[in-house]
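I opened the model today to look up a handful of positions. My notes follow in the order I took them.

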Amino acid sequence: MQFRNKMILSFFIVVSLTAIIMGYSYNRMMSRELEASTLQSLEKMTTQTVDTLDLHFKTISSIGYSYFSDTSLQKFLDGPADTDNEQYYRNRLISQKVQNPLISFIAITRLDGQQMSSYYYYNQNVKALLDKEQAALFDKASEMDGFPFWTVSHTTISTTVTPVQSVSYIQLLKRITMNEQHPIGYIKIDIAPGVLDNIFPKPQKSDASKYYIADRSGRIIFTENKEEIGMSIAGSPLFTAYKQAPQSNEYVNFRYENRDKTYIGFYERLNAGDWIMIGSVPMDQVLEKVTSFRHTLIFIAMISFVIAMLLASLIAAGVTRPLKELNKKMKQVEMGDFRAAIEVKGKDELSTIQHSFNKMTAEISSLISKVYETELLKKEAEIKALQTQINPHFLYNTLSTIDSISSIDGDERVSFICIALGNMLRYNLNGGSLATVQEEITHLHQYLSIYQIRFSKLFTYEIEVEPGLEDIIVPKFLIQPLVENAIIHGLEQKVGNKTVLVRLSNLDESTLKIVIEDNGVGMDPAMIELFHRKLSNSNDIVSRQSSPRTMIGLANVFKRIQMYYDNDPRVEIYSQPGAGTRIYFELPKRTA
C-alpha cells in the first residue's frame with residue numbers, strides 16, 4: 001500500500017472511530033435518559049390518575065353513605081308508599097345528579113322493585129336490560145350485607161339512550177334500630193363514563209400505549225375502548241408479566257416481550273375494591289427521539305466522512321509529492337550518481353529532509369576519495385603487521401625445545417610449565433569459539449597448575465564437576481578469565497594461604513550453575529555495585545579505556561554469553577573485604 005493511501009486510510013479510521021465512539025456513547029446516554037424520563041412521566045401520570053380515581057370513588061362513597069345513614073329515608077323505604085316523600089327523594093336524586101358531574105345515574109330501589117332515580121327509562125329494551133342487571137346487583141348487595149362494593153354495570157347519559165358500561169357504587173340499604181336491622185332496598189350510583197375517559201391519558205396518532213382498570217383476576221373494569229370492558233386480560237403477556245413483577249401498593253414498572261417487541265409495563269393499586277391501574281408503553285415509542293437522532297447522526301457522519309476523505313487526499317498529496325521526488329533522487333544515488341540534488345522549496349520538515357539529502361550526497365562524494373586513501377593505508381599496515389608477526393608454531397616448537405633442555409638438566413618444574421603452556425597454546429590455536437565442559441576444565445587445570453608452582457604451598461585450588469556435564473557445550477575461555485581475575489585481584493594481594501574453588505552443577509534439567517570462589521582480599525559494597533552497573537551494559541565497559549582491566553575481562557565473558565545464548569545471563573557477585581569473593585551465574589544447557 002502506498003504511503004498516500006496509508007495516510008488517507010489512517011485519517012479515515014481516526015475520524016470513523018471518533019464518530020462511532022462519540023455517537024454510540026451519546027446514543028446510549030440519550031437512551032438511558034429518555035427511558036428514565038419516560039418512566040418518571042409514566043409514574044407521575046399513573047399516580048395522578050390513581051389519586052384522581054380514588055378521590056372520585058371516595059366522593060361517590062360519601063354520597064352513598066349519606067343515603068345509607070339517612071334515618072328519614074330508612075323510615076320512608078320501610079313504611080308504606082308515600083307519594084309526597086317519593087317525589088321529594090326523586091327530586092333530591094335528580095338534584096344530586098345535576099349538581100355533581102361525577103354522577104351519570106343514581107337510583108334507590110325498594111325491595112319490591114319500585115325505583116326512584118335521577119332519570120326515567122322510556123325505552124323498554126333499555127329498561128329491560130337495566131332491570132335484569134339490577135336484579136343481579138341486588139343479589140350481590142344482599143351477600144355483602146350492607147358493605148358497599150364497586151362493579152361494572154350499564155348506565156346511560158343524557159345525550160343518548162344507548163346504554164354504556166361504567167363503574168358503579170352499590171350498597172344495600174338497611175333499617176337500623178336499637179333492636180334490629182333489616183334490608184329495605186339498595187342504592188346504585190353510576191360514575192359518568194366521560195369523567196373516567198378524561199382521567200386516562202389521551203393517545204397520540206401513533207401511540208400504541210394501553211391503559212386499563214382491572215381486578216386481580218384480569219377482568220377489565222374500565223378502558224378507553226368500551227367494547228373491551230368486562231373482558232379478561234389474564235392470558236395476555238402484560239398481565240402475565242404483572243403477576244411476575246414485585247407486588248406492592250405503590251407504583252411498580254416492569255419489562256416484558258410480546259411478538260419480538262419490548263414493552264414497559266406498570267401498575268398501581270386503587271383503594272376501591274381489589275382493582276389496579278395497569279398499562280404498557282412500547283419501548284420503541286419511548287426511544288423514538290433516539291432513533292430520529294441516530295438517523296440524523298448517521299447522515300452527518302457520512303457527510304463528515306466525505307469531507308474528511310477530500311481533506312485527507314489534499315494533505316496526503318502535499319506530503320507524498322516531496323517524498324516521491326526524494327525517492328527518485330535516492331534511486332539515482334543507488335545507481336552511483338552522487339550528483340543527484342533536490343530543489344528545496346518551503347521551510348517545513350520535508351524541506352529539512354531534502355536539504356539533508358543534498359548535504360548527504362555531497363558528503364558521500366567527498367568521503368569516497370577519503371575511504372579509498374584510508375583503505376590503502378590500512379592494507380599497508382596489515383602487510384607490515386604480518387611481516388613482523390611471530391609464527392605460533394615457531395613459539396610452540398621453542399617451548400618444546402625448552403622442555404627438552406629442562407628434562408636433560410633435571411628441573412621437572414620447568415618441563416611441567418612448558419608442557420602446560422604448550423597445551424594451553426594448542427587449545428588456543430585449535431580455533432572455534434565453543435568447547436565442551438571437559439575441554440574447558442582441562443585447560444583450567446593446566447592454567448591453575450602453573451600458578452600452583454608459582455605460589456608453591458601457599459596456593460591450592462579445587463574443581464568440582466557434577467557427573468554428566470562433561471559433554472555440555474559452552475563458549476571457549478568462559479571460566480579461565482574469571483579465575484584469572486580472582487587470582488590477580490583477590491589472591492596476589494592476600495598474605496597466607498590462597499584458595500580457588502570452581503564448581504559446575506545442575507540447577508535443573510535445562511540450566512547449568514557455575515560458581516567461582518576465592519578467599520582473597522574481597523571487595524567493598526561500592527565496588528560490587530560498580531560491577532553490577534558495568535555488567536548491565538557490557539558494551540559501555542569494553543568501549544571505555546578508563547575501565548579497570550578486571551571489568552573489561554568480566555564484560556568480555558558475559559558479552560560472549562549474551563551473544564551465544566541470545567539473552568542476558570543471571571549474574572550475582574558476593575564479596576566482603578577480607579573474606580573473599582564469590583561469582584555465581586547460570587547458563588542454559590546445550591549439547592553438540
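Which residues does His-56 touch, not counting residues up to four places away in sequence? I found Leu-102, Val-195 and Ile-199. I keep in mind that this is a predicted model.

**Entry on His-56.** I placed His-56 in helix 1, which covers residues 3-68. I read a relative accessibility of 15% for His-56, so the residue counts as buried, the cut-off being under 20%.

**Entry on the annotated spans.** I checked the UniProt record, an unreviewed entry, and it lists residues 7-26 and 297-320 under "transmembrane region". I looked at the secondary structure of residues 7-26 and got 100% helix and 0% strand. The end C-alpha atoms of residues 7-26 are 28 Å apart. For residues 297-320 I also got 100% helix and 0% strand, with 33 Å between the end C-alpha atoms.

**Entry on the nonpolar patch.** I then looked at the surface and noted a nonpolar patch made of Phe-11, Phe-299, Ile-300, Ile-303, Ile-307, Leu-311, Leu-314 and Ile-315. Together these residues have about 780 Å² of accessible area. Which helix gives the most to the nonpolar patch? I found that helix 8, residues 288-334, gives the most, with seven residues. I picked out Ile-300, which sits in helix 8. Ile-300 counts as partly exposed because its relative accessibility is 45%. As a reminder to myself, an α-helix has 3.6 residues a turn, so residues three or four places apart point the same way.

**Entry on strand 6.** Is strand 6 largely enclosed or open? I counted five of the six residues in strand 6 (residues 210-215) as buried, so the strand is largely enclosed by the rest of the structure. I looked up the pairing next. Strand 6 pairs with strand 10, residues 275-282, in the antiparallel sense over six bridges. In that pairing, Tyr-212 has Ile-278 of strand 10 as its bridge partner. Strand 6 also pairs in the antiparallel sense with strand 7, residues 220-223, over three bridges. There I noted Phe-222 of strand 7 as the bridge partner of Ile-213. I also checked the hairpin of strand 6 and strand 7: four residues lie between the strands, and Gly-218 takes a positive phi near 100°.

**Entry on Met-116.** I located Met-116 in strand 2, residues 115-117. Why does Met-116 count as buried? Met-116 counts as buried because its relative accessibility is 3%. Leaving out residues up to four places away in sequence, I listed its contacts as Phe-76, Leu-77, Glu-86, Tyr-89, Arg-90, Leu-93, Ile-106, Ala-107 and Ile-108.

**Entry on Ser-449.** I found Ser-449 in helix 12, which runs over residues 437-455. Its relative accessible area is 8%, so Ser-449 is buried. With residues up to four places away in sequence set aside, Ser-449 touches Phe-416, Ala-420 and Tyr-461.

**Entry on helix 13.** How many of the twelve residues of helix 13 are buried? I got ten, and I noted helix 13 (residues 480-491) as mostly covered. Among the buried residues are Gln-480, Glu-484 and Asn-485, and also Pro-481, Leu-482 and Val-483.

How values were computed. Residues are numbered from 1 along each chain as its sequence is written. This is a predicted model: local features need pLDDT of at least 70, side-chain atom pairs count only at pLDDT 80 or more; totals for chains, interfaces and linings use all residues. Side-chain values use heavy atoms; hydrogens and water are left out. UniProt positions are given in the numbering used here, feature names are shortened, and annotations may be inferred rather than shown by experiment. Helices (H or I, at least four residues) and strands (E, at least two) are DSSP runs, numbered from the N terminus. Buried means under 20% relative accessible area, exposed over 50%, partly exposed in between (1.4 Å probe, protein chains only). Contact means heavy atoms within 4.5 Å. Two strands pair if DSSP finds at least two bridges between them. Patches are made of residues with over 30% relative accessible area and no salt bridge: like charges are joined within 9 Å, nonpolar side chains (Val, Leu, Ile, Met, Phe, Trp, Tyr) within 5 Å. Accessible areas come from the Shrake-Rupley method with a 1.4 Å probe; for residues, only the protein chains shown count as cover. A salt bridge is a side-chain nitrogen of Lys or Arg within 4 Å of a carboxyl oxygen of Asp or Glu.
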